[in-house]
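Here are a few notes to read alongside the model. Take them in any order you like.

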Amino acid sequence: MTNGAGGSAAAGAVLLATILASSMAFMDGSVVTVALPAIREGFGAGFAEGQWTANAYTLTLAAFTLLGGAAGDAFGLRRVFMLGTALFGVASAFCGLAWSVEVLIAARAVQGIGGALMVPGSLALISAHYPPPVRGRAIGTWAAASAIAPAIGPVLGGFLVDHGSWRAIFLINLPLAVAVLAVTALRVPDGAARRDAPMDWTGGALAVIGLGLVAFGLTRLAEPGGGGVIDIAAAVAGFAVLVGFILYERRTAHPMMPLALFADRQFAGVNLLTLLLYFALSGALFFLPTALIEAHGYPAALAGSVFLPFVLVMGVLSRYGGGLADRLGPRPVLTVGPIVTGLAFIALAPAVQDGGFLTAIVPVMLLMGLGMGITVAPLSTAVMNAAPASLGGAASGVNNAVARVAGLVAVASLGLAVGIGFALALGGETGPAADAVRAAGFGAATAGADAATSLLRTRATIAGFGAATVICGVLAILAGVVGWLTVRPRSGA
C-alpha cells in the first residue's frame, strides 16, 4: 500500500489509469448501439449479425471477468491490468479496420477479454494503493465514472457516426489505451505477484462455453425463420453447461465464484436484483437508438443524445445515493429506485410512439436517471456489506459479472420479443410493402421505401420496441420487490 507524498502521487495515477481503462471497457458495451444500423448497412449484415457485434463483446467480458480477477492475484495486478489494456487497444484497432462483419465480431470478442482483465484489476489496484480512510471515496469516484460511461457511449458514438464513420467509435480507443499504459508504466508501482493463488481454468472454460451456447441459441431464435432444432439445442446445451459450471464450483477447492457467498440472503437477493435490473437496463437502452432512427428518422447523433438527460441526472444523484442509503438504510432505496426505473421503461413505449425529443423522450430519460441514480451506489454498498471482509474482492467480482451476464442475455433474448412484436404489428398485411418490411426486419431501413412501406416499418418498429420495454419495466419493478424482501433493514445491516 502506498504512503506519503510519493504514495499520494502514485495513488492519483492509479485512479486516473483505472478510471480511463474501466470507462473504455464499459463504454464499448454501449457505444455500438447507435452504430449498428450503419455497420449493418456497410457490411450488408443481418439482424443477428448486428446482435453478435454487441453480444461477442458482452459474452467474453462477462465470462472472463472472474478469471481476470484471479489472474491479477496470480500474476500481479499491474501486469495483468496492462496486458488487458494492451489487448483491448489492439482489438479496437482490428474493429476499426475490420474488412468483414466476421472479423468485426471476432475482434469484439477479443476486446471483451481485454476488458475482463482491466475491470477487476482496476478495483483491485485502487484497493491496494488507497488506505482504508480514503479508499471509499476513491472507489466511489471510480464507480460513478463506470456507471456514467455506458450512457455516454451512445452520445459519443452518434456524433462520430454522423460526422465521420462508425469505425471511429473503435479507433478512438487507441490513444486512450496508450495513455493508460503510459501512466501505469511510469507512475503505478509494481506489486508482488501471489504465485500460489490457483487459477480456476476449468471453471472459466465452462463459463465461456455455457454462455456462448446460450447467446448463440437465443440470437438464432430471434432471427427471422429461427427456432430450428439446432437453435433450441444450443440454448439448452448452454444452460446445461452453466449448471455444470455451478456444480463444479461447489466441488473445487479454489472456485473463481465462491458459492458460499450466496448463503447470505442479502448477497443472493442483491445479486438477483442486479440481474433483473441490469437485464432491463441493457435491453431497453440497446434497442432505443435503433427504434428512434428507424421509426422517426433520427440522425445517429440525436438518437445518441437522448441518453444525455439520463447521464446527467444519474451522474449527479450517484454522488448522493450512498448518503441517502446511510441515512435511510439501503432497503428503501433499493426498493424505490428500481421501481421508478421500471416505470420509466414502461413509459418508453408510448414515448417512442410519440417520437418527440423534448416533449416525450427527455422526460422519460430524466425519470430513468432518477431511478438509477439513487440505486447504483447503495447497490454496491449492499453487496459489500453482505460479504465477509476476506471475500470482498470476490463479492465485487461476482456482482460485476452478474451485471455483465444480464446485459448479454438481455440483448440476445429480447431480440426474440422484438421480433415477435414486429411480426404481430404487420399482422395480416400483404403486398410488396409488407413483404419488404418483413424481409428487412427490425432495425433495418428498406431501400427505396415509398410512403406505405415507411409507414408499415415505423408501426412495426414501434411495436417491436414496445414489446421489449414492457418486459424490461416489469423486470425492473420485480427487482424493487426483491430489494424489499431480501435487503436487511437498517437496524440489522
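1. First, a term: a salt bridge here is a side-chain nitrogen of Lys or Arg within 4 Å of a carboxyl oxygen of Asp or Glu. Keep in mind that you're looking at a predicted model. By that definition, the structure has one salt bridge.

2. Which residues meet in the salt bridge? They are Asp264 and Arg488, with an N to O distance of 3.3 Å. The pair ties together distant parts of the chain, 224 residues apart: Asp264 sits in the loop between helix H10 (229–251) and helix H11 (265–296), while Arg488 lies in the segment after helix H19 (451–486).

3. As for how open the two partners are, Asp264 is partly exposed at 21% relative accessible area, and Arg488 is also partly exposed, at 26%.

4. Now have a look at Thr53, in helix H3 (residues 47–75). Is Thr53 buried or exposed? Thr53 is buried, because its relative accessible area is 0% and buried means under 20%. Setting aside neighbours within four places in sequence, Thr53 is in contact with Val32, Leu36, Ile39, Val101, Leu104, Ile105 and Arg108.

5. Leu343, Ile346, Leu367, Leu370, Val470 and Val474 make up a nonpolar patch of about 450 Å². Helix H14 (330–354), helix H15 (357–373) and H19 each give two or more residues to the patch.

6. Leu370 counts as partly exposed, with 37% relative accessibility, so it clears the over 30% cut-off for patch residues.

Conventions
Residues are numbered from 1 along each chain as its sequence is written. This is a predicted model: local features need pLDDT of at least 70, side-chain atom pairs count only at pLDDT 80 or more; totals for chains, interfaces and linings use all residues. Side-chain values use heavy atoms; hydrogens and water are left out. Helices (H or I, at least four residues) and strands (E, at least two) are DSSP runs, numbered from the N terminus. Buried means under 20% relative accessible area, exposed over 50%, partly exposed in between (1.4 Å probe, protein chains only). Contact means heavy atoms within 4.5 Å. Patches are made of residues with over 30% relative accessible area and no salt bridge: like charges are joined within 9 Å, nonpolar side chains (Val, Leu, Ile, Met, Phe, Trp, Tyr) within 5 Å. Accessible areas come from the Shrake-Rupley method with a 1.4 Å probe; for residues, only the protein chains shown count as cover.
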